[in-house]
Amino acid sequence: MLRKLLKHEFRATGRIMLPLFLILLATSVGANLSIRGMLDTDNRFLNILGSLLIVAFVVAVIGVCVMSMVVMVQRFYKNLLQDEGYVMMTLPVSTHQHIWSKLIVSAVWFALTILIVCLACLIMAADVTVIGEIVSGCQDLFRHVTAYYAINGTAIVAEFLVMCFVGCCAMCLQFYASLAIGHSFPNHKMAWSVGWFFIIQFAVQFLGGLLIALLDESWLHHLLLGWTVGWNISGMAAMHLSMILMILGELFYGAVFYFLTTYFLKRRLNLE
Amino acid sequence: MAVLECKDLCKNYGRAAALDHVSFAVEPGHIVGLLGPNGSGKTTLIKLANGLLTPTSGEILVCDTAPGKATHAWVSYLPERTSIPTWMTTTQLLDFYQDFYADFRRDAAEEMLQHLNIQPRQRVKQMSKGTREKVQLIMVMSRAAKLYLLDEPIGGVDPATRDYILSTIIGNYNPEAAVVISTHLISDVEKVLDEVIFINQGRMVLQASVDQIREEKGMSVDELFREVFKC
Amino acid sequence: MKWQFSNDAPIYAQLIEQIKVGIVSGAFPPGERLPSVRDLATEAGVNPNTMQRALAELERDGLVYSQRTTGRFVTEDKTMIETAKRSLAERHVKTFLAAMLRLGFQREEIMTLLRQETGEEGEFHGGSGV
C-alpha cells in the first residue's frame, strides 16, 4: 500500500514541481545567453534584457527552493487535514504509511531540488570548460583537505550531506507535527498550528541549550577532552564525532515529531 | 454477526456531549436510516465508525473490529462534504479507487460515469458542485463493501438528483452488506429504508422497522418523526 | 408502470396491491417473466428487501411463481387473475360505498348517481350535487 500511496503522491506533487523545475532550467538557459553575449554589447536594449534574465534566474532559484518546502507542507495540510482528509484518512492504510509516504516524497523532491539547482547553476555558468574546472577544482580541494587533515575529506562531505538531508526531514516533520496538533483543536486550527510550531521551536532550542549547559560539566565532556587531549586524538576525529552526534540529534528530534504526528492523526484527528 | 455495532458509545467535544450512551446494532442486508434533526449527532456517529474520531468511552465496532486500517477496506464512506481530490481527472480518480480498494468495480463506475456524460479526461475541478457529488457517490457505490456509510447523501440537491442518488444506491449496493443513510429529509428516503434509528441530542430515541411503524402506528416514518421531534 | 405510495399503509402492502393491478391490467401479462427484484425495486424507488417481501407474498397467493434459475413469472392461470381482479374491484366498490355513506347518500341515490355518471340515465333526481 505504501507503494500505491507514493505513486499518487508523486502524481499530485509532480504536476507542480516538474513545471517549476522546467521554468528554472529555462531561466538558467536565459541567464547563460545573457552572460555570453548580451551584457557585453553596446546595445542598451540587450543590456537591460540581459540583466533582467539574470534577475529572473536568481528569482527562479530562490523560488524553487522556497516552493519545494511550501508545496510539501501544504500537501500534508491539504491532503490529510482539509476536505481531502475524509477520503485519505479512510483509505485502508495505516497512519504510519501516510506519514512515511509524505516524508519520502518530500525528501525525494528536496534532493531533486538541490540537484536541479546545481544543474541550473552549471547551465548558467556558460562554457563546458567551466564545468571541467569546477570538477577538477573540487578534486583539488578534496585532495588538499585529505592531505592537510590526513583524513578522508569525502567522509566529511558525505556526513554533511546526510546531516542536511536528515535536517530537512526533521524540519518537515516539525511542520507536520505542529499542523497535526493545531488541527486537533475545534476552532482556529491554522492559528493553533502556527502557535504550536513556535512552541515546539522554542522547546527544541531550550532543551538543546540545557543539554549543552549540562554537558559542559558532565562526564561526556571530560571523556571528549580526554580523547582529544589525553589520548591525543586528532581534531578531525572530534569533528567526525560531533557531526555524527548532530545527525543523531536530528534523528532524535525527527523521531519525536514523527510520534507526535502519528498520535495526533490517529487519536486526536478532528476534521472540520 | 452485526456489521455495525455501538456499545454504550459516548463522544464529548470538550464538555458538550455529542453522543450519550448510544447502543444499537445493524445487521447485514439492511438499509438503515439514521434520522435526527441537525446537530443531533448523526455525523459524529458516522465519523466514529470511520475512525475519523475516537470515542470518549464505550465502543463502536465494524464487523467486530474497532475502526482502523482493516475496517477501512470493508467500509465505503460518503462524507457530508465533497472530498474527492479536485486536481484529478476522472480516469485518475478511477485509478485511485482501484489501487486502494480490492472490491472496486471499475466497469460499473465507468458505466455510471458514461451515463452521466462525464468525460474520462475531465478534471473534478471543472465539474459543477452537483456533478462532483454524483461522481463521489458513484465511486462509493461502485465498491462491493460490507458496510456503506452515507452521510447526508441527498442534502442540498434538487429533487431530480435526489431520485438519481437514491436509485444509484438501491441499484448498486452489495445485497449482503448493510447501508446506513444519515439524513433529516425523511419523506424522500423512507421508501428505501428497512429500518430507522432516531437520534436526538446525542441520545438514541428509537430503532424500528419502517413497515412495523406504519403497521402499528398507522403513520409514515416522516409523520412519526414530526411527532417525536415536535418543537 | 407508475408507482405511488401513500403514508398510511405499510409499503410492502402497497407494493402487493400495485403489482396485482399491474397483473390484472396486463402491464405484466400472464406467463411473462417479471424483472429482477433489484430492477423492480430501483424502478419503484423502494428497498429491495421490501420488494422481495411483496413478491414472496404474491407467490404464496399463487399470482406469481418462481423457477429456481430463470426468475419469477406471472401465473398463466386466467381464472386466478380473474379472481384477483374481482377482489380488487370489490375492495374499490367497498371503499367507494363507505365514502358515499359518510357523505350521507342513500342506496338509491348512489345508484342513480352511478347510472348518470356512466351515461345510462339522462336525468338526475335530487341529491346534494357534491
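Predicted model: local features only at pLDDT ≥ 70, side-chain atom pairs only at ≥ 80, totals over all residues.

Visitor: How many bridges join strand 1 of chain B to strand 2 of chain B?

Guide: Seven, and the two strands run antiparallel. Strand 1 covers residues 4-13.

Visitor: And what order do the strands of that open sheet have?

Guide: The order is 2-1-4 in chain B, three strands with antiparallel pairing. Strand 2 (16-26) and strand 4 (57-62) are at the edges with a single partner strand each, so one side of each has no neighbour in the sheet. On average, neighbouring strands are turned by 25° against each other, ignoring direction.

Visitor: Which residues touch the most other members of the largest nonpolar core?

Guide: B:Val180 is one of them, along with A:Tyr176, B:Leu147, B:Tyr148 and B:Val179. That core has 135 residues. Helix 6 of chain A (residues 153-182) gives the most to it, with eleven residues.

Visitor: New topic: how many residues of chain B are in contact with chain A?

Guide: 19 residues of chain B, in contact with 20 of chain A. On the chain B side, helix 2 (69-72) and helix 3 (90-100) each supply at least two residues. Helix 3 gives the most, with four.

Visitor: What kinds of residues are on that side of chain B?

Guide: Eleven nonpolar, five polar and three charged.

Technical notes. Residues numbered from 1 in each chain as written. Chains lettered and ligands numbered in written order. Core = buried A, V, L, I, M, F, W, Y, C linked by C-beta atoms within 7 Å. Buried ≥ 20, exposed ≤ 12 C-beta atoms within 10 Å, placed from the backbone. Contact = placed C-beta atoms within 7 Å. Nonpolar A, V, L, I, M, F, W, Y, C, P; charged D, E, K, R; others polar. Pairing = 2+ DSSP bridges. Axes fitted to C-alpha atoms, helices over the stretch in contact; angles between N-to-C directions.
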